[in-house]
Amino acid sequence: MSADVMDVLEDYQVRLADVDSLVPYARNSRQHAPSQVAQIKASMVEWGFTNPILADLSAGNQIVAGHGRQVAAQELLREGVELTLPGGRPLPRGKVPVID
């Protein structure tokens, strides 16, 4: 990879954020059907939270990508399911990985 690409990638950080503090982008064109959210939930239970939510934490915690993952995580937490990272390592209650 070129040095320019690496410089850009170094600016991104994976952080933990409260799932309920993330704000869906109001003009998001993608709407997830309940069946899609169910598939995301099943994947999270089986494999862990493998793909962080992309959000701008400096701009009001607005979600850029991962609206379905947020909904799935919220539903799992309401059902009492512990969210984990791949390999089964538990996440702190109510927190999800976010790339900022």
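Guide: A salt bridge here is a side-chain nitrogen of Lys or Arg within 4 Å of a carboxyl oxygen of Asp or Glu. The model is predicted.

Visitor: With which residue does Asp100 form a salt bridge?

Guide: Asp100 lies in the segment after β4, and its partner lies in strand β1, so the pair ties together parts that are 85 residues apart in sequence. The closest N and O atoms are 3.7 Å apart, which lies within the 4 Å limit. The partner of Asp100 is Arg15.

Visitor: Is Lys41 buried or exposed?

Guide: The relative accessible area of Lys41 is 15%. Buried means under 20%. Lys41 is therefore buried.

Visitor: Which residues do salt bridges that share partners join into one network?

Guide: Lys41 forms a salt bridge with Glu75, with the closest N and O atoms 3.2 Å apart. Lys41 lies in helix α2 and Glu75 in helix α3, 34 residues apart. Glu79 also forms a salt bridge with Lys41, the closest N and O atoms being 2.7 Å apart. The network joins Lys41, Glu75 and Glu79.

Visitor: In what order do the four strands form the open sheet?

Guide: The edge strands, each pairing on one side only, are β1 and β3. Strands β2 and β4 run parallel and are joined by two bridges. The pairing in the sheet is mixed, and the order is β1-β4-β2-β3.

Visitor: Which helix packs on the sheet, touching β2, β3 and β4?

Guide: The direction of this helix makes about 120° with that of β3. It spans residues 67–78 and is helix α3.

Terms used: Residues are numbered from 1 along each chain as its sequence is written. This is a predicted model: local features need pLDDT of at least 70, side-chain atom pairs count only at pLDDT 80 or more; totals for chains, interfaces and linings use all residues. Side-chain values use heavy atoms; hydrogens and water are left out. Two strands pair if DSSP finds at least two bridges between them. Contact means heavy atoms within 4.5 Å. Axes are lines fitted to C-alpha atoms, for helices over the stretch in contact, and angles run from 0 to 180 degrees between N-to-C directions. Buried means under 20% relative accessible area, exposed over 50%, partly exposed in between (1.4 Å probe, protein chains only).
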